[in-house]
Amino acid sequence: MRGRLLGGVARCFRTRRTVGPARRPLSGGSPQLEALFARGGPLRTFLERRAGPEAQARAGGAELAAAAGLLREKERELRETERLLRDENEDLRKLAENEITSCQKEIAQLKHQIILLLVPSEETDESDLILEVTAGVGGQEAMLFTAEMFDMYQQYAAFKRWHFETLEYFPSEIGGLRHASASIGGSEAYKHMKFEGGVHRVQRVPKTEKQGRIHTSTMTVAILPQPTEIHLVINPKDLRIDTKRASGAGGQHVNTTDSAVRIVHLPTGVVSECQQERSQLKNREMAMKKLRAKLYSMRLEEETSKRYSARKIQIGTKGRSEKIRTYNFPQNRVTDHRINKSLHDLETFMQGEYLLDELVQSLKDYADYESLVEIISRKL
């Protein structure tokens with residue numbers, strides 16, 4: 001038996017295959033996804049049924065069958081190698097430990113590859129996006145929190161090496177933010193940001209509170225995918241473009257030049273405005289970019305509302321009205337209610353780096369889980 005297991009370890013080294021590069025980063029795998037991959041689970045049954053000649057003849061069928069077969073082989077090798085951890089030979093145990101780590105990494109990559117083959121990419125996943133933040137209930141405290149959230153997403157864009165351009169910014173009297181929008185572009189920007197849309201709630205003692213009472217305030221995030229010319233064509237005859245003098249903070253040019261631009265899409269009544277820049281041409285370009293994103297988002301929502309109506313993680317109008325996350329400063333905790341996941345160290349989270357990225361990955365994992373459940377139930 002020991003000789004056969006030694007041979008198994010050697011075989012792991014000899015037959016180690018390189019799994020193709022993943023098209024998106026891989027986390028440790030959510031518990032829900034791991035449950036689907038469990039031996040005897042629904043996903044295993046589904047993969048076994050797809051291993052037949054007829055199923056392999058379909059588009060991507062052979063690649064899926066090959067990945068599933070390699071997964072079974074690697075898991076068998078892992079089980080055999082784990083038995084060597086009880087061997088009396090210390091060198092052999094160390095060798096087994098190293099091989100177990102390697103096999104586990106390959107197994108995780110193979111599971112991720114299977115998910116990529118089964119879960120179709122969305123048309124918008126590679127798109128750039130428009131971010132909109134708006135203060136909700138809570139007066140000045142809501143506006144202060146909205147400003148912090150806008151800064152967090154700007155820092156997250158820098159962390160992901162995306163381009164971030166402010167389109168409009170309407171501050172409040174004490175340094176908060178009433179409303180703002182920004183264009184964000186870069187590798188898989190929309191794929192990462194699309195689950196951020198919704199109502200974000202903050203619980204803390206406001207700076208304006210003199211008696212130390214905890215207040216609850218809200219702000220809303222909207223994430224609109226930015227379409228390409230191919231995905232959305234707008235007839236210029238359907239637009240009414242007005243110019244006016246800018247209002248609010250902005251220096252000497254405010255109320256002296258007609259630099260602000262307002263565009264109305266006549267068939268739908270959708271309005272887009274911009275007065276961020278001194279140049280009317282630049283404001284017109286930015287307003288048009290926002291209008292295209294709004295119209296594209298409306299079209300996508302019509303197409304996907306029926307398909308995704310039962311999912312916990314929503315995108316679009318339904319998601320924007322949902323209270324998705326609570327930022328509890330007294331308890332130093334942020335909780336995403338859709339996946340019941342909490343992270344501590346709010347100060348670090350609000351810096352928009354690895355903790356926010358961890359939560360984003362958890363949301364993507366859960367969305368993959370929901371997609372797989374749908375696929376399995378539809379095809380079993």
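L239 stands opposite H265 in β7, where strands are DSSP runs (E, at least two residues) numbered from the N terminus. The structure is a predicted model, in which local features need pLDDT of at least 70, side-chain atom pairs count only at pLDDT 80 or more, and totals for chains, interfaces and linings use all residues. Residues are numbered from 1 along each chain as its sequence is written, and side-chain values use heavy atoms, with hydrogens and water left out.

Strand β7 (residues 260-265) runs antiparallel to β6, and six bridges join the two; strands are taken to pair if DSSP finds at least two bridges between them. Together with β8 they form an open, antiparallel sheet of three strands, ordered β6-β7-β8. Because β6 (239-244) and β8 (270-274) each have a single partner strand, one side of each is left without a neighbour in the sheet. From one strand to the next, the twist averages 15°, with axes fitted as lines to C-alpha atoms (for helices over the stretch in contact) and angles running from 0 to 180 degrees between N-to-C directions.

We now turn to the other sheet. Eight strands make up this open sheet, in the order β2-β3-β1-β5-β4-β9-β10-β11 and with mixed pairing. At its edges are β2 (163-171) and β11 (341-344), each of which pairs on one side only. Here the strand-to-strand twist averages 15°. Strands β1 (residues 128-135) and β3 (residues 177-185) run antiparallel and are joined by six bridges; E132 has S181 in β3 as its bridge partner.

Across β1, β2, β3, β4 (198-204), β5 (215-226) and β9 (323-328) lies helix α7 (residues 139-159), at about 10° to β3. Helices are DSSP runs of H or I, at least four residues, and contact means heavy atoms within 4.5 Å.
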